[in-house]
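Subject: Structure handover

Hello,

I am passing a structure on to you, with notes on what was found in it. Please look through the model before reading the notes.

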Amino acid sequence: MIQAKEIVKSYGSLQVLKGVSVVIKKGEIVSVTGASGAGKSTLLHILSTIDRADSGHVVVDGIDTGKLNDRKLAEFRNRKVGFVFQFHHLLPEFTALENVCIPAFIAGTGRRGAELRAMELLDFLNLKDRSSHKPSELSGGEQQRIAVARALINSPSVIMADEPSGNLDSTNARQLHQLFFELREKFSQTILIVTHNEELAEMADRRLFMRDGLIFDHKT
Ligand SMILES: Nc1ncnc2c1ncn2[C@@H]1O[C@H](COP(=O)(O)OP(=O)(O)OP(=O)(O)O)[C@@H](O)[C@H]1O
């Protein structure tokens with residue numbers, strides 16, 4: 001489902017990824033931990049095609065992303081990959097429902113179809129009655145669940161989360177963690193989570209660990 005081979009990435013003279021290879025199977029939930037600066041976010045950005053590697057290959061859903069031009073890559077990302085970040089990045093002037101719909105509009109879905117799908121997702125996430133609220137009128141946990149709904153609207157095959165619960169209190173963090181497992185049950189999604197949260201890392205099917213730009217199986 002996600003295959004990365006010999007990924008190398010440098011920023012100036014700093015080589016951040018030094019030949020990272022990883023395979024993540026369809027429907028698998030994998031966590032990545034490691035010290036600050038180890039290269040976790042950089043790897044996630046490359047696997048999710050937000051950023052390009054200097055060398056190496058990233059294949060998602062059988063598509064070699066290195067072969068796509070920028071326009072095709074943006075289209076691919078919009079349809080195939082859902083993102084959840086530490087800070088939800090919801091647009092403050094739009095309602096929860098509108099925020100969730102935005103990736104669907106970008107994909108060319110009509111307003112009615114997008115809103116129907118968004119309401120289904122908000123219902124699944126117990127947020128239906130918050131749909132007309134702006135982000136500032138929602139709690140941190142609700143904002144993050146809205147961001148999850150936004151990540152799901154185009155039914156991506158892959159969800160990538162970078163410190164998704166880093167900004168939440170322990171109760172909301174636990175609920176969000178549980179949600180990832182419910183998503184896998186319901187939508188068979190492949191989920192890759194970068195986290196400093198040991199409890200979340202431990203819940204995953206498989207744990208990976210990064211050190212100095214290299215990736216390892218996590219040994220308990
Ligand atoms: N755009 C950039 N330009 C220059 N250096 C960068 C850039 N992005 C990341 N780096 C550097 O690359 C290294 C790895 O960063 P990265 O964000 O991948 O680490 P991380 O393991 O996710 O850390 P953290 O746990 O603190 O989020 C760091 O030394 C960082 O300063």
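This is a predicted model: local features need pLDDT of at least 70, side-chain atom pairs count only at pLDDT 80 or more; totals for chains, interfaces and linings use all residues.

Residues are numbered from 1 along each chain as its sequence is written.

The six-stranded sheet

An open sheet of six strands has the order β6-β7-β8-β3-β9-β10, with mixed pairing. Its edge strands are β6 and β10, and each pairs on one side only. From one strand to the next, the twist averages 20°. Strands here are DSSP runs of E with at least two residues, helices are DSSP runs of H or I with at least four, and both are numbered from the N terminus. Two strands count as paired if DSSP finds at least two bridges between them.

Strand β7 (residues 158–162) is largely enclosed by the rest of the structure, because five of its five residues are buried. A residue is called buried if 20 or more other C-beta atoms lie within 10 Å of its own, exposed if 12 or fewer do, and partly exposed in between, with C-beta atoms placed from the backbone. On one side of β7 the buried residues are V158, M160 and D162, and on the other they are I159 and A161.

β7 pairs in the parallel sense with β6 (residues 81–84) over four bridges, and V84 stands opposite A161. The pairing of β7 with β8 (residues 190–194) is also parallel, over five bridges. In β8, L192 stands opposite M160, and I193 is the bridge partner of A161. Between β7 and β8 the chain passes through helix α6 (residues 170–187), a β-α-β crossover that is right-handed. Right-handed is meant as follows: with the strands pointing away from the viewer, the path from the first strand over the helix to the second runs clockwise.

The four-stranded sheet

A further open sheet has four strands in the order β2-β1-β4-β5, with antiparallel pairing. β2 (14–24) and β5 (63–64) stand at the edges with a single partner strand each, so one side of each has no neighbour in the sheet. β1 (residues 2–11) and β2 run antiparallel and are joined by eight bridges. K9 stands opposite L17 in β2.

Helix α1 lies across strands of both sheets. One set is β1, β2 and β4 (55–60), with α1 running at about 125° to β1. Another set is β3 (29–34), β7, β8 and β9 (206–211), with α1 at about 155° to β8. Angles run from 0 to 180 degrees between N-to-C directions, and axes are lines fitted to C-alpha atoms, for helices over the stretch in contact. Contact means that the C-beta atoms of two residues, placed from the backbone, lie within 7 Å. Six of the eight residues of α1 are buried, namely K40, T42, L43, L44, I46 and L47. After α1 comes T49, with a positive phi near 70°.

Which residues are around the ligand? They are Y11, V16, G34, S36, G37, A38, G39, K40, S41 and T42; the criterion is a C-beta atom, placed from the backbone, within 6 Å of the molecule. α1 (residues 40–47) gives the largest share of this shell, three residues. By class, the shell has three nonpolar, six polar and one charged residues. Ala, Val, Leu, Ile, Met, Phe, Trp, Tyr, Cys and Pro count as nonpolar, Asp, Glu, Lys and Arg as charged, and the others, Gly among them, as polar.

Helix α3

In α3 (residues 96–106), the buried residues are A96, L97, N99, V100, C101, P103 and A104. They pack against α2 (70–80), α4 (111–124) and α5. G108, with a positive phi near 95°, follows α3.

F216

F216 is found in β10 (residues 214–217). Is F216 buried or exposed? F216 is exposed, because 11 other C-beta atoms lie within 10 Å. Not counting residues up to four places away in sequence, F216 touches L208, F209 and R211. F216 and I63 are 153 residues apart along the chain, and their C-alpha atoms are separated by 25 Å.

Regards
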